[in-house]
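Here is a short walk through a structure. Keep the sequence and the 3D view side by side as you read.

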Amino acid sequence: MDRREFVIGAATLSANAAASRIAYAQQTGAPVEKRSIITSTAQFDPARPEIARLVAQACKSLGWEVEANPIDYNQGIQKVIMQHDYEMFLVALAGSAIRIDPNFFVYAVHHSGEHKRGGFNWMGYKSARLDAVATVQSRFMDLEDRKRPVFEAQEIIFADQPGTVLAYPQITMAHRSDKLKGLIPLLGEGIGSFWSDINMEVTGDGYSRSGMNVDVKHLNPLAVNDELEFKELSIIYDRLFRIGPDGKPVPWAATGMKVVDSKTIDITVRSGMRWHDGKPVTVEDVKFTFEYQKKWKAPFFLAALNNVVAVELPGANTVRIRLENPSAPFISNVLAAMFLIPKHIWAEIPDKAGIDDPLKFPNDKPIGSGPFKFDHWRRGSELKVSAFREHFNPPKCAGIIRIVYGSHDAIAAAIERGECDRSRYILSPALVDRLKTVKNVVARGYPSHGLYHLSYNNAIKPFDDPAFRQALNHVMPRKMISELVLLSYSDPGASIISPANAFWHNPAVKVPAEDVKKARDLLAKAGYRWNAQDRLLYPRT
Amino acid sequence: MTAYVVRRFCAALLTLLGVAVILFILFRLMPGDPTAQILSPALDEAAQARLKQAFGLDLPLWQQFLIYLKNLATLEWGRSFTSGQPVASLLGHWLVNTLLLMSTGLILAIAIGIVLGIMMAARRGGALDIGATVVGLVFQAAPPFVIGILLLITFSYGMELFPSGGMFTPGADPGSTWALLTSADFLHHLVLPTLTITALYLVTPMLVMRDSMLEVLGSDYVEFARAKGLSPARVLFRHAARNALLAVVTVSSLILGFAIGGQVVIETVFSWPGMGKAMVEAALQHDYPVAQAAFFLMAAIVIGLNFLTDLSYSLLDPRIRLGSA
């Protein structure tokens, strides 16, 4: 060919190449942006940064870059829960007793109305179908009736994947078998549960030495809002109901309950109960408890008490509670949580105590009607309670001394030496592994309904696309997280209600297969593509 | 002399005020909202607003600052965010615990350090001189928890001679603080932490004393004392050491100040509920009142000790007392 033809040929080829490149670019969207996972630091929870890194690594297999971002715990709460300024959030939703009722995981975490500053629906999940089902389940007072919407809610949430459940961790704890017998674990609390406290038999002087690495902050039953204080106050103060070892509320300071209609509950209060100072517990005290906590806006129960219209005393031993709206969780979240306080002491607070707010009352010598009475509290060192023999169900042991240790290692060392006979709450899994081999020590994991949850900010790309979230479900390294990071004291997660919560868990929701190809297929079907460097690209708009 | 004291006192107060301002700014600059610690997201808006109001967090910044200054001066240090209890009583309690922990160890460290320093200077280059320097530096270079844990492994877990931590055996609460201090149980618990602290802080007074002594030993009046025929011990202790002590006094006051607040590691290793641990926890939890007051207290102690040091100079050094150079 001559020069002219060559030039024309070359120009045509270039033009074609350019055109096809432009055409290709128009078939695909921009690359999916790099995203970060906010989580706590290793000092707060050694597992979390590791889990975040494993997830970030797994996302690479989709051609999508993710980084782990461990920050100060408070900062995390501020950014995620208060400001909703985040992309992904790795959090541990603890298995506390009041979360055994499914209302928390189904309603509080997923109802669109809870997407507010400080609310638990920080993901911004909005599903009309879920909203309806969640509301319905909270209104059914009958357990069997409630099961159906709760099961349905789990399926909806799992299908939509507004966030994803990564693991169901156990509570790892240890105790000395030569000192303690008869421990009864409770879902989410292990052997540190109330049932253990009152049923255990202790050798020696009868006082159990239970170790914890953090001290209680205060002993004020109105100001309580943290599991730490709930646990200790719940043995000094009594409750109308208690969450039994199987996770269902059982009557305790009450002998029975009647649902008069969906908005009225009649509670029969047990007779013959006494406060630790000897005075009798009356229905007046119960009425006072509700009204006082509502009047002073006790932070933990504020929302629930706003639903209480009136508390009446129709009979000698009966308390009638009138609600504005029917509320199924009322029994387990309020009646089984609120502490009965003595009218003859608290009526004078705050006026006679020289403060302006009962929340500030130090309550140095708490007087309750629970099975243990307060002995002394040396801040930072120990809290001692002794058995209250006049209680209707007195403990089998002589009392409990709650000792504060400097660290988990110090607790483990003390258990090994025999100075401490039980860990009050979680002991790190690595230490529990080590203590397994020690003679006379039982160290293991106990079932819990808590879970590790990876929340997506549903308001931003790419998490606003359900197809993207569903694809992510299949690359999450659940097996590695449970085996490597949580040392097998955990199971891979799926449904928002843990299988440990047997009554409410929907067995139809199964752990998804870890299948990168399936994830890629789901993405491809939704229009996502990959460029030459295998970088994930948005669908063409 | 009075003018001197008054001048030093005013300087101390001004320094304290400066510290107070810096602390206030520093804590407000920290990222993370303090309300996030006590206002669990489980609480709704009304509850959060209520707690915010109860703790005075809804006031504008300049108002918070004025209240802060007023409270500092009147020892009304507010209430802890986490426990709601008065900070002053909390800090007092922790300070006592830390003082109990530190005082024996520090007094021993300074006393032994001074004596060793004198002896080392007397026989410079000798076995004691080199040996003590090496051992002392090793202990100081080692992290506190290493020494503490090594002692625990050997004497507590290994030989089971001493308890593994805490201020006293759980459940054996003797009642009043005085009964506590004099109980054998408490002293038993004090041994290992004291050994750790002594080992850690020994080398500074020791080496400072040694160097100060060497300098003094070369001066004219010491030579004159020797020439007069005084015994070596008398020369060493009555003449040389008294003058060399000035340097150690200065250094000791610095050590004491930092030791009060900086023992978080030892307090963690020995499960001792003291100020170091409390300060670190308060800072991490954004418990502003406690953290601010604790840091301020520590600054006040350091400044106070410096002031006392200045005063003690006048006792030790007649040149200062008489006002001449």
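The paragraphs below go from domains to a single residue, then to a sheet.

This is a predicted model, where local features need pLDDT of at least 70, side-chain atom pairs count only at pLDDT 80 or more, and totals for chains, interfaces and linings use all residues. Residues are numbered from 1 along each chain as its sequence is written, while chains are lettered from A and ligands numbered from 1 in the order in which they are written.

Start with chain B. Its domain assignment gives domain 1 (2–73) and domain 2 (88–321); such bounds come from an automatic or database assignment. Domain 1 of chain B puts 15 residues into the contact, and domain 2 of chain B puts in 14. Contact means C-beta atoms, placed from the backbone, within 7 Å. On the domain 1 side, helix 1 (residues 2–29) of chain B gives the largest share, 10 residues. Helices (H or I, at least four residues) and strands (E, at least two) are DSSP runs, numbered from the N terminus.

Now find B:Asp211, in helix 10 (residues 203–217) of chain B. It counts as partly exposed because it has 16 C-beta neighbours inside 10 Å; buried takes 20 or more, exposed 12 or fewer. Its C-alpha atom is 8.0 Å from that of B:Gly117, 94 residues apart along the chain.

Turn to chain A. Here 4 strands form an open antiparallel sheet in the order 12-13-15-14. Strands pair if DSSP finds at least two bridges between them. Strand 12 (254–261) and strand 14 (308–312) of chain A are the edges. Strand 12 and strand 13 (residues 264–269) of chain A pair over 6 bridges. A:Val259 stands opposite A:Ile265 in strand 13 of chain A.

How values were computed. Contact = placed C-beta atoms within 7 Å.
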